Amino acid sequence: MPSSLKLLALDTSTEACSVALQLGSKILTLDEVCPQQHSKRILPMVQQLLSEAGVSLQQLDGIVFGRGPGSFTGVRIGVGVTQGLAFGANLPVYGVSTLAAMAQAAYRLHNASQVIAAIDARMAEVYIASFALKDEVMLATSDELALKPQLASAFNLTGDVIAVGTGWQTYTEQLLALQAATVSDILYPSAQDMLILAQNAYKAGQFVDAEQAEPVYVRDEVTWQKLPGR
């Protein structure tokens, strides 16, 4: 991994707005819980970090974005802002799972080796997936699903399991059966953890052109349920 790697990461897929900037081994981070304010806050936060670091977008190697799952509108904002910035600076992009980012935070903050991440998905469901540590990186051990929390027993892992995300706060009783140790300091994904997950992807040449940036919604019903007449 080049020690001079410069990456910007941003996420607007949950109630939080998060931006991080990696300059070699140094990482700058801004996290803000600002529901419905993402479109107003994300670009000023990006500018603040770039100014703080004294670098321009054109000097970066790529942009990392939270690809979902999460709020339909929030995920779209993140992808749109990423594409706008990347087109303007001619930079490649890479999407990171919001659930994986929270799992990575559990390793960073709690030295977790097994994690179940669950975000409140509204409509009485959670976005959920399980992860296990390999070479200091959290890798998915399940698909990302949208399901009723009472159906989450399929994620019952053995051994010490850390539970992260807003889903555990909203559906505490329904998720009790998983017997995971809930931590209250990781409710939302942070862009700094997306940077870690994107490093191997950069090394492997998996960053793509801006027009190929794609969101992951997991659940498609959100789109058609909002159409008139449905």
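**Close-up views of a predicted model**

**View 1. Glu 125 sits in a loop between two strands.** Glu 125 lies in the loop that links β6 (114-120) to β7. The model shown here, as in every view below, is predicted. Is Glu 125 buried or exposed? Glu 125 counts as buried, because its relative accessibility is 13% and the cut-off for buried is under 20%. Its contacts include Ile 119 and Asp 120. Glu 125 also touches Ala 146, Leu 147, Lys 148 and Pro 149. Tyr 171 and Arg 219 are among its contacts too. Residues up to four places away in sequence are left out of this list.

**View 2. Arg 122 and Asp 120 pair through their side chains.** Side chains of opposite charge can pair when their charged atoms come close. Here Arg 122 and Asp 120 form a salt bridge, at 2.8 Å from N to O. Arg 122 is partly exposed, with a relative accessible area of 49%. Asp 120 counts as buried, at 16% relative accessibility. Which residues make up the network of salt bridges? Glu 15, Asp 120 and Arg 122 are linked in it. The structure as a whole holds six salt bridges.

**View 3. Arg 108 and Asp 193 join two helices.** A salt bridge connects the side chains of Arg 108 and Asp 193, with 2.8 Å between N and O. Arg 108 belongs to helix α3 (residues 98-110) and Asp 193 to helix α5 (residues 191-203), so the pair ties together parts that are 85 residues apart in sequence. Arg 108 counts as partly exposed, at 39% relative accessibility. Asp 193 is buried, with a relative accessible area of 1%.

**View 4. Glu 32 meets Arg 41.** These two residues form a salt bridge. The closest N and O atoms of Glu 32 and Arg 41 are 2.7 Å apart. Glu 32 counts as partly exposed, at 28% relative accessibility. Arg 41 is partly exposed, with a relative accessible area of 24%.

**View 5. Ser 130 is buried in strand β7.** The strand spans residues 126-134 and holds Ser 130. Ser 130 has a relative accessible area of 3%, so the residue is buried. Which side chain makes a polar contact with the side chain of Ser 130? That of Thr 141 does, at 2.8 Å. Ser 130 also touches Val 115 and Ile 116.

**View 6. Val 115 belongs to the largest nonpolar core.** How many residues make up this core? It has 35. Val 64, Val 115, Phe 131 and Val 164 touch the most other members. Several elements each supply at least two residues of the core, including β1 (6-11), β8 (137-140) and β10 (162-164). Helix α3 gives the largest share, eight residues. Among the contacts of Val 115 are Ala 103, Ala 106 and Ala 129. Val 115 also touches Ser 130, Phe 131 and Met 138. Leu 157, Val 161, Ile 162 and Val 164 are on its contact list as well. A second, separate core has 28 residues, among them Leu 21, Leu 49, Leu 57 and Ala 89.

**View 7. Ala 86 is buried in helix α2.** The helix covers residues 72-89, and Ala 86 is found in it. With a relative accessible area of 2%, Ala 86 is buried. Which residues does Ala 86 touch, not counting residues up to four places away in sequence? They are Ile 63, Leu 91, Val 93 and Ala 210. How far from Ala 86 is Ile 119 in space? The two are 28 Å apart, C-alpha to C-alpha, and 33 residues apart in sequence.

**View 8. Cys 17 and Cys 34 are not bonded.** A disulfide is a covalent bond between the sulfur atoms of two cysteines. A search of the whole structure finds zero disulfides. Cys 17 is in none, and its nearest cysteine sulfur is that of Cys 34. Cys 17 counts as buried, at 0% relative accessibility. Cys 34 counts as buried, at 7%.

Terms used:
Residues are numbered from 1 along each chain as its sequence is written. This is a predicted model: local features need pLDDT of at least 70, side-chain atom pairs count only at pLDDT 80 or more; totals for chains, interfaces and linings use all residues. Side-chain values use heavy atoms; hydrogens and water are left out. Helices (H or I, at least four residues) and strands (E, at least two) are DSSP runs, numbered from the N terminus. Buried means under 20% relative accessible area, exposed over 50%, partly exposed in between (1.4 Å probe, protein chains only). A polar contact is a pair of N or O atoms within 3.5 Å; within protein, one must be able to donate a hydrogen and the other to accept it, and residues adjacent in sequence count only if both atoms are side-chain atoms. Contact means heavy atoms within 4.5 Å. A disulfide is a pair of cysteine sulfur atoms within 2.5 Å. A salt bridge is a side-chain nitrogen of Lys or Arg within 4 Å of a carboxyl oxygen of Asp or Glu. A nonpolar core is a set of buried Ala, Val, Leu, Ile, Met, Phe, Trp, Tyr and Cys residues joined through side-chain atoms within 4.5 Å.
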